[in-house]
Every structure is written in structure tokens, then in C-alpha cells.
Amino acid sequence: METIRNLIDGDACDAESGSRLDVVDPATGAVYAEAPDSDAADIERAVEAARKAFPAWSETPAGERAAWLRRIADHIEGDAERFARAESIDNGKPVALARAVDIPRSVANLRFFASAVEQFASEMHQADRETINYTLRQPRGVAGLISPWNLPLYLFTWKIAPALAAGNTAVAKPSELTPMTASMLGDVCREAGLPAGVLNIVHGLGAKVGPTLTEHPRVPTISFTGGTVTGRDIAARAAPRFKKLSLELGGKNPNLVFADCDLDRAVSESVRAGFANQGEICLCGSRIFVEEAIYDTFVERYVERVKALRVGDPLEDGTDVGALVSAAHRDKVESYVELAREEGGTILAGGKRADAPNARCAGGFFFEPTVVTDLDVACRVQTEEIFGPVVTITSFRDEAQAIEYANATDYGLAATIWTENLSRAHRVAEAVDCGVQWINCWLVRDLRVPFGGMKQSGVGREGGLEALRFFTETKNVCVRVER
Ligand code: TXE
């Protein structure tokens, strides 16, 4: 049994109450670790440690803060294989994916914001010879950072890196479902000698520790990635306290395939967009819309590719689709497939729990990659986030209808557009209500670009300058110049 600990004021510690939570390996269904079941008392200690560390950290030159982030990145990179295995065991994702994406991207997040803060500049405005305005962007204090289970270390560092780079200290809470690599990050911070209190990591149940953090009077900044329902709760708690808030929430992303696209590429990338990380990425293109002229061909080729995906032991190379994160989540996905049947859908692939790939995984939470057609665009399966290996395919008549279908949900995170017609690509990207748009590609990420959703997919943008601006307070200084 492995033991996960909080990082508070530079110490690796249990919850003050001594209470612990079971951590389950989704591929086997077995408890393999225990994490602190923290409560308000632990959050209080962490906030106090972060508050104490803030003056010195915020006055540390940006170059030195950047050096700390690079040191942490180097430690993770030097131990990348252990991190990748840990992420795979904790989350159920294929180890090959953790190796290729999660861990390198975590390292990249830290290095990117180290460089970004060294280049961070602000504005000066001069309207006449009598006055000069310059803008200060100062760290805001203690940042509360809450992250989900689907890309555990990747999304955790995506918040920690800009918060710390900009001179804030932080209390960070990973998901209780996937606490392992956050705990390993805590070890790295201690080994690297990061000053006590700069980063505090508190494990525990969202409903138990989350509200204490989001309502805390000494935490003026909250950055959250997770479900829309949780986001609404956080927004409601933060609003009366006028906190600065960034919310990255769910998605139900349209993937628009026009008849003039490069079909080979559209098919293979749309399979990846549907099923990467078991469909548990907020950017997954789970609603595919295909122009009538190529609908039958697309569906035939798509389904053939999906049926060839290998649901397997996450620790084995060659596995395309691993285990879903928890039994509860597997049940939720299953209930949506049941609903798809009730709503009149036709299941062309998958549709049920997958057989265990081997004896070790007999108790795991596997689900077959599932393709559903013949659903109305307004039905629940086509409008609610499933967040699993379930894709719907619907035909459209023309560009106007494609846009109408794309916008037919309350979400507005990411859209993918497949067409060789340049003007159409631009027109559609402009008309679809999503904060992230990909044309003829999917999940290509430049860390400098604004990232985030519209409508119920969130508020605010992360990435590059947007993140550094979010984690700083803007102060304008107007100076009269005597002549
Ligand atoms: O998310 P939660 P869950 C979506 C997806 C998924 C659903 C629920 O649809 O099925 O959200 O997933 C913490 N105050 N996404 O249950 O509950 C929680 O401990 C403060 C989309 O994991 O939102 C965890 O650390 N914090 C998504 C984090 O919030 C609270 C990624 C996310 O948990 C809290 C994951 C509270 N009251 C799921 N309650 C994306 N967009 O990337 C929980 N938490």
C-alpha cells in the first residue's frame, strides 16, 4: 500500500485528523494507496503557510522564481518513467500516453511559464508631454488551484506554474481520484528545496476541502478546472467575496467534417479526438457532424477504425484505450449509452462494458469505444457531456446547418473543422461559439495561445500572457511630468 501525503509549509504530512481515503487503481479495481482525507483545518494550515511565504516569494526576482520552476521540471523529467507509470496506474490511461503526453507536457508547463515570466512586460501610455501612465502587474497573494482527474499532473502544473511564476504562493488541490503524481510533485519540491509554503498541496474530497478554499478570505484568486456543476458552486461562493476567478469547465465539442476535406486525415484524427484518454479530455470531439455527400463513407471508415482500437491493460504497450477513472464514472458512461438507445440511437460500435484484457485487470473499469448514430441533435446524449469513449455521428445538409448543429449545446469549449476550402474554414471558425478552434488538426497546443471556453464551458482564459495577467493585479500609475 502506497502512502500519499499533503505538502504543507514544506512538510510531507497526513491530514491533521489522521483520516485517510482509499485510492483505487482503475485497471484492477483494487485499492493501492491511501491519501489524506483533509478537512478545513488542513486548508487553514496550508493557507497560513502560503500567506507567510508570500512576501519573500513575491519579492524574489522573476529570474530566480523561473530557476525554481526549471529545477522542479528537471527533477520530473529525470524521473519521467516513474511519473508516467504512476499516472497510468492512478488514472487508468495507457502508460504510452502518459509517457508521450502527460509527463512531457507537465515538464513543458513549468519550463514555459519560467520563460514566460522572464519575458513578461507591461504597458506604458503617453498621450501628451505632461503625463506618463505605466501599468504594474503585481502578484495577488495566495492562489487556490483546483484540478481534475483526467490529466492529473498536466493540469495541476498548468495552474501551479503560472501562479508561482507570477509571484503568488499557492494552495493546490488535486482530484481525490488521482492524487499520486501531485504527491510525487510535493516530494520533488522538498527535494529541490523550494522555500516552505510557496506551494502547498492538500489532498481530500472536493466537497469537504473545496468550499473552505474557495470561500477563504485570504485566498483572493481561484483557478479551477473540472465539471460545470462544481464550477457553478465555486462561482457562487467566490462571487460575494469578489474573487478573481478562472473556470475551465466541460465541453461537448463539435467535430465538423465537410465533403471537401482530406478524408483520410479527417477519419484518423476524428478517431483520436473521440477516444484519446478514453474520451476523458474536455477537448474531445464527441459530436461528429458529417456533410451528407460523404456521410456513409465516413461512417463506414470511422466505425472500422474504432472497432480496431485495442482496449487493454494500461501498463501494456499497444493499448489504445485504458480503463475509465472510476466505477462511478464507468456507470455514468454506461447510463448514457442506455439513454442513447432510449432516445432512438443506433449503436454501430461498442455499447457495453469491455471484457477485462487479462486476469490482472479482471476488476477494472473498461468500456468499449462506442459510436452512436441516428440521434436528434437536441437530445440529451447529444447535448450533455459524457466524458467517456462515446461519440455520436450526425449528417448535415450545408454549412449553415453545420454551424447550427455545432452551436446546439450550452457548452462552447472546442471545435474542429475539416475542410480544404480556406474561406469556409475561416467563416465557420468565426461562427461557431467555441473558445478553441482547430482547422484540419486536433489537440495541437501552443502554450502561448489563449485557452478556454465560452458559454457553460467556462470563464476566462488560460495560457501564455492570459495566465500571467490572471495571476497578477493590474495597477495603473499616472505620473505628471513637470516641464
Ligand atoms: O469533477 P469535479 P469530477 C467533467 C466531466 C466529469 C465531471 C465530473 O463531465 O464527468 O466533470 O468530474 C474538486 N468545491 N470534467 O467529479 O467534481 C474535486 O475534488 C471545490 C471536466 O472529477 O468538478 C476535483 O479536485 N472543489 C473536466 C475538482 O474539483 C471541488 C475534467 C474537479 O472535480 C468541489 C474533469 C467543491 N464543491 C471532469 N467539488 C475538464 N473540463 O477538464 C469537487 N471539487
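**Reading the ligand site**

The shell around the ligand draws at least three residues from each of domain 1 (2-249 + 457-478) and domain 2 (254-448). The model is predicted.

Colleague: How many residues surround the ligand, and which are the closest?

Modeller: Start with a cut-off: a residue is near a molecule if one of its heavy atoms lies within 4 Å of it. Here 28 residues surround the ligand. The closest are W149, E176, T230, L249 and E385.

Colleague: How does the shell divide into nonpolar, polar and charged residues?

Modeller: The shell around the ligand holds 11 nonpolar, 11 polar and 6 charged residues.

Colleague: Which polar atoms lie by an oxygen atom of the ligand?

Modeller: Look for pairs of N or O atoms within 3.5 Å. In the side chain of W149, an N or O atom is 2.4 Å from an oxygen atom of the ligand. K173 places a polar side-chain atom 2.9 Å from a ligand oxygen. G227 uses its backbone instead: an N or O atom there lies 2.8 Å from an oxygen atom of the ligand.

Colleague: What part of the ligand does the protein bury?

Modeller: Compare the ligand alone with the ligand in place. Alone, the ligand exposes 810 Å². The protein buries 85% of that.

Colleague: Where does the ligand sit?

Modeller: In the largest pocket.

Colleague: Which elements give two or more residues to the shell?

Modeller: They are α7 (206-215), β11 (221-225), α8 (228-238) and α11 (327-342). The largest share, 4 residues, comes from α7.

Conventions
Residues are numbered from 1 along each chain as its sequence is written. This is a predicted model: local features need pLDDT of at least 70, side-chain atom pairs count only at pLDDT 80 or more; totals for chains, interfaces and linings use all residues. Side-chain values use heavy atoms; hydrogens and water are left out. A polar contact is a pair of N or O atoms within 3.5 Å; within protein, one must be able to donate a hydrogen and the other to accept it, and residues adjacent in sequence count only if both atoms are side-chain atoms. Accessible areas come from the Shrake-Rupley method with a 1.4 Å probe; for residues, only the protein chains shown count as cover. On a 1 Å grid over the protein atoms alone, a cavity is a set of points where a 1.4 Å probe fits but cannot get out, and a pocket is an open set with protein on both sides within 12 Å along at least five of seven lines; lining residues have an atom within 4 Å of a point. A molecule sits in a cavity or pocket if more than half of its atoms lie within 2 Å of its grid points. Ala, Val, Leu, Ile, Met, Phe, Trp, Tyr, Cys and Pro count as nonpolar, Asp, Glu, Lys and Arg as charged, and the others, Gly among them, as polar. Domain bounds come from an automatic or database domain assignment.
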